[in-house]
Amino acid sequence: MTDETARPIDEGAPISTAAPVVDDAAVERALRAGLDDFELSPEDQALLDAQGELSDDAGARGPLPVVAVVGRPNVGKSSLVNRILRRREAVVEDVPGVTRDRVSYEAEWGGRRFTIVDTGGWEADATGIHLRVAEQAEIAIDLADVVMFVVDATVGATDDDESVVKLLRRSGKPVVLVANKVDDQRGEADAAMLWSLGLGQPYPVSAVHGRGSGDALDAVLEVLPDVSAHGAYAQGGPRRVALVGRPNVGKSSLLNRLAGEQRVVVDNVAGTTRDPVDELIELGGKTWRFVDTAGIRRRVHQSRGADFYASLRTQTALEKAEVAVVLIDAEEPIAEQDIRVVQQVIDSGRALVIAYNKWDTLDEERRYYLEREIEKELVQVPWAPRANISALTGRHMDRLVPAIETALESWDSRVPTGRLNAFMGEIVASHPHPLRGGKQPRILFATQASTRPPRFVIFASGFIEAGYRRFIERRLREQFGFEGTPIEVSVRVREKRRR
């Protein structure tokens, strides 16, 4: 192997597209060797080493168990997550409320791999604690196998903590109580006071300094199952399909049509469905688990009462599903709520199919204007399979299953690392990254880190602009399909080793 072939991909060393056959494996070996000249973190190395384990049979072991880290604002949840990950991944700042969304990471301790979920904190506001508790915690707890409940030992148990304890008891999940901010032996007494919460032994930890975190993780492993009982990616059994959309677009009618019976109540009054309804349905020679959900009216945190909890359960059902069918009422103009529901599916990382209901009622003029609305309002998801159906009459229902199967196949798909890097070489050769400040970042290596949805990691010598990332995503779709699934492209900028 010459020095020329060992160099990372860049505009000066493109992979020749004129060659009749490109040896993808040789390309991967050459580029991987080129990475030796760059500073790689332990996490980078772990990602590269794990590629052999991420074969198709890796999922046969089942989904990784899930550990949710919950607690009030500013008790150190994100600091604890960073300590467990052994890298500064979660954003940490000395003000409450920095973390707002649930963010999941893959972690390892004692030879066991698991998913750890960092959550937003609870805080009592003018409408009471219940809104924040439900919004930030209930979904995370519901999808977790073990909960790490973090309490600030220097403050002690507060009323908010007591409210969370009630929620945890109702969930029935194993709980490991972490008394954070115990930086030295003098804080041990503060931690011991937390026995009063009734959750068992409090583990004194300093997330910032690492003190005691190993003992807490050992306690987690004692109650952590080998495979998640609640994960969204359970292998085997019927594939899970969530029917989502704004109220009164025909989700319940569609479920009844698919089931061939009046399985759920249907009424012209919006909001008839409150709780997700599961139904095993035989379609296309396969058994599917369809879930009818409550209509998503508005942003979850702006909802109140029963609507709020219905929206919350809808989000939980979506995260337990593998593919979501978003129903849109073809008789009405595409609304902001429709776009928000589609975005919610994308943010959840689920495969996506868009079904336009009541299509048989449209005249030619409405169909023309609907096509224009789709081009304008749903321009961000041209990759989503589409089905024009009628839940009431059953028209074109046979088109739904092929669209779902296409989306799931893309959601599960993996691009071999050698083929991916050969393709990236072709992209860079024909469309190099623009110069910025007299410098041109080079793409060193690319790999697919995971599936469901497909996630790609690019190692580069400099910052890759957002526009160029979108260009790469578009070309990936053109080359490899990915019809019906969101894909993620992230960049890790690495510098050359100092000699």
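Q: Which ring does the charged end of arginine 372 sit over?
A: The ring of tyrosine 368. The charged end is 4.7 Å from the ring centre. Keep in mind that this is a predicted model.

Q: How many aromatic pairs turn up in the whole structure?
A: A search finds 4. One of them joins tyrosine 368 and tyrosine 369.

Q: What's the geometry of the tyrosine 368 and tyrosine 369 pair?
A: The ring centres are 5.3 Å apart. The planes stand at 80 degrees, so the pair is edge-to-face.

Q: And how does tyrosine 368 count for accessibility?
A: Tyrosine 368 has 48% relative accessibility, so it counts as partly exposed. Tyrosine 369 is at 45%, and that also makes it partly exposed.

Q: What about phenylalanine 456 and phenylalanine 482, how are their rings arranged?
A: Edge-to-face, because the planes are at 80 degrees. The centres of these two rings lie 5.8 Å apart.

Q: Where do phenylalanine 456 and phenylalanine 482 sit in the chain?
A: Phenylalanine 456 is in strand β14, residues 455-460. Phenylalanine 482 is in the loop between α15 (466-480) and β15 (488-493).

Q: Is phenylalanine 456 buried or exposed?
A: Buried, and phenylalanine 482 is buried too.

Q: What does serine 410 contact, leaving aside neighbours within four places?
A: Phe482 is one of its contacts. Serine 410 itself lies in helix α13. Its relative accessibility is 9%, so it counts as buried.

Q: Switching to the core. Which members of the largest nonpolar core touch the most others?
A: Leu254, Phe290, Val325, Leu400 and Ile404. That core has 27 residues.

Q: Which elements each supply at least two residues of this core?
A: On the strand side, β7 (239-244), β8 (277-283), β9 (286-292), β10 (323-329) and β11 (351-357). The helices are α9 (251-259) and α13 (400-412).

Q: Which one gives the most?
A: α13, with 7 residues.

Q: What does leucine 254 touch, beyond four places in sequence?
A: Leu243, Leu327, Ile389, Ala391, Met397 and Leu400.

Q: What other core lies apart from the largest one?
A: A core of 25 residues. Its members include Met148, Tyr203, Ala216 and Leu217.

Q: Next, helix α6. What span should its 13 residues have?
A: At 1.5 Å a residue, α6 (residues 159-171) should span 18 Å. Its end C-alpha atoms are 19 Å apart, which agrees.

Q: Which residues of α6 are buried?
A: Asp160, Asp161, Val164, Val165, Leu167 and Leu168. They cover an arc of only 165 degrees around the axis, so they are on the same side of α6.

Q: And which exposed residues are on the face turned away from the buried side?
A: Asp159, Lys166, Arg169 and Arg170.

Q: What follows α6?
A: Glycine 172, whose phi is positive, near 75 degrees.

Q: Last topic. Where is threonine 361?
A: In the loop between β11 and α12 (364-377). Its relative accessible area is 45%, so threonine 361 is partly exposed.

Note on methods. Residues are numbered from 1 along each chain as its sequence is written. This is a predicted model: local features need pLDDT of at least 70, side-chain atom pairs count only at pLDDT 80 or more; totals for chains, interfaces and linings use all residues. Side-chain values use heavy atoms; hydrogens and water are left out. A nonpolar core is a set of buried Ala, Val, Leu, Ile, Met, Phe, Trp, Tyr and Cys residues joined through side-chain atoms within 4.5 Å. Buried means under 20% relative accessible area, exposed over 50%, partly exposed in between (1.4 Å probe, protein chains only). Helices (H or I, at least four residues) and strands (E, at least two) are DSSP runs, numbered from the N terminus. Contact means heavy atoms within 4.5 Å. The expected span of a helix is 1.5 Å times one less than its number of residues. The arc is that of the directions from the helix axis to the C-beta atoms. Rings of Phe, Tyr and Trp (its six-membered ring) pair if their centres lie within 6.5 Å; planes under 30 degrees apart count as stacked, over 60 as edge-to-face and the rest as tilted. A charge sits over a ring if NZ of Lys or CZ of Arg is within 6 Å of the ring centre and within 35 degrees of the ring normal.
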